[in-house]
Amino acid sequence: MLFQIPKWLRRTGDAVLNLVYPPHCAICLCKTQAGEHLCAACRKDAPVVRAPFCATCSSPFSGQIDGPFICPNCRERHLHFACAVVCYQSRGAVRDLVHRFKYNGKVYLRNVLIDWLAETLNDPRLQAPVCDRIVPVPLHSTRERERGFNQARVLAEGLTGRSGIPLADCLKRIRYTTTQTIFDREERMENLRGAFQMRQSADVHDLHLLLIDDVLTTGSTVDECARVLREAGAASVRVATVARA
Ligand SMILES: [Zn+2]
Ligand SMILES: [Zn+2]
């Protein structure tokens, strides 16, 4: 039988831990409830993507538009995903937390990011047809070893926990691509060609997939993943991310 820590000791332990390391907001450092990493004020300050925005890539439009519209960027491309849904802009607190989570190994911040990601499930574009599987954008194994985790998989697992939609970790990244930030869109597409492959025995035939990444930038990475998934027989691919650049 496993040794059980008595309740009184566990409670004392938590209380002592909270004294030594009181729960605080990751942004403004104010005191928060146990288990909360963001205070209500900072949560309210997170930059939301507000309508009007592109029905395909959720890029906000600053002018006056009535009804649904597709941005010029999406109109001139042949995209392999149906839409990319995202509720927050990668600015201020949102960009800061994503950065700390991804590059500084602050994995405990995932719950805030998963909250923001899970808000996309309220969007009508993700409600019909129902998503059958959640698929994380893969990292190359070398990159994953360097970082210690794949941020997209951590987020996808969290979303599976919140939604009950099963996870299908069905893609792998077979090419170690150099960092994309210095490239324009054409160069990114070129750089990504052949970077992804289906895992052996993965079956996505006739399934509606929800592809997960941390931040949507040009959409080239998710589009290349979507291309591979559609080629493998997926009925549709939609995308959800925590934020958009
Ligand atoms: Zn705060
Ligand atoms: Zn668009």
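**Stop one: the zinc site**

The residues that donate to the zinc ion (ligand 2) follow the spacing C-x2-C-x13-C-x2-C along the sequence. The model is a predicted one. Select Cys54, Cys57, Cys71 and Cys74 together with the zinc ion (ligand 2): the SG atom of each cysteine is a donor, lying 2.3 Å from the ion. What arrangement do the 4 donor atoms around the zinc ion (ligand 2) make? Their angles run from 104 to 113 degrees, so the arrangement is tetrahedral. For comparison, the ideal angle for four tetrahedral donors is 109.5 degrees.

Cys54 sits in the loop between helix H2 (40-45) and helix H3 (72-75), while Cys74 is in helix H3; the two are 20 residues apart, and the pair links distant parts of the chain. Are Cys54 and Cys74 buried or exposed? Both are buried.

**Stop two: the sheet**

Switch to a cartoon view and find the open sheet of 4 strands, whose order is S1-S6-S5-S2 with parallel pairing. S1 and strand S2 (133-136) are the edge strands, each pairing on one side only. On average, neighbouring strands of this sheet are turned by 20 degrees against each other, direction ignored.

Select S1 and strand S6 (residues 236-244), which pair in the parallel sense over 5 bridges. Then pick Gln89: its bridge partner in S6 is Arg244.

Next, show helix H4. H4 packs on the sheet and touches S1, strand S5 (208-216) and S6, with its direction at about 100 degrees to that of S5.

**Stop three: aromatic pairs**

Begin with Tyr88 and Trp116. Their ring centres are 5.3 Å apart and the planes stand at 40 degrees, so the pair is tilted. Tyr88 belongs to strand S1 (residues 84-89) and Trp116 to helix H5 (residues 110-118), so the pair ties together parts 28 residues apart in sequence. Tyr88 and Trp116 are buried.

Finish with Phe101 and Phe149. The ring centres are 5.5 Å apart with the planes at 55 degrees, so this pair is tilted. Phe101 is in helix H4 (residues 92-103) and Phe149 in the loop between helix H7 (141-147) and helix H8 (151-163), so the pair ties together parts 48 residues apart in sequence. Phe101 and Phe149 are both buried.

Conventions
Residues are numbered from 1 along each chain as its sequence is written. Chains are lettered from A and ligands numbered from 1 in the order in which they are written. This is a predicted model: local features need pLDDT of at least 70, side-chain atom pairs count only at pLDDT 80 or more; totals for chains, interfaces and linings use all residues. Side-chain values use heavy atoms; hydrogens and water are left out. Rings of Phe, Tyr and Trp (its six-membered ring) pair if their centres lie within 6.5 Å; planes under 30 degrees apart count as stacked, over 60 as edge-to-face and the rest as tilted. Buried means under 20% relative accessible area, exposed over 50%, partly exposed in between (1.4 Å probe, protein chains only). Two strands pair if DSSP finds at least two bridges between them. Axes are lines fitted to C-alpha atoms, for helices over the stretch in contact, and angles run from 0 to 180 degrees between N-to-C directions. Contact means heavy atoms within 4.5 Å. Donors are N, O and S atoms within 2.8 Å of the metal (3.2 Å for Na, K and Ca); water is not among the atoms, so sites may look incomplete. Four donors count as tetrahedral if all angles lie between 85 and 135 degrees; four count as square planar and six as octahedral if opposite donors are over 155 degrees apart and all others between 65 and 115; anything else is irregular.
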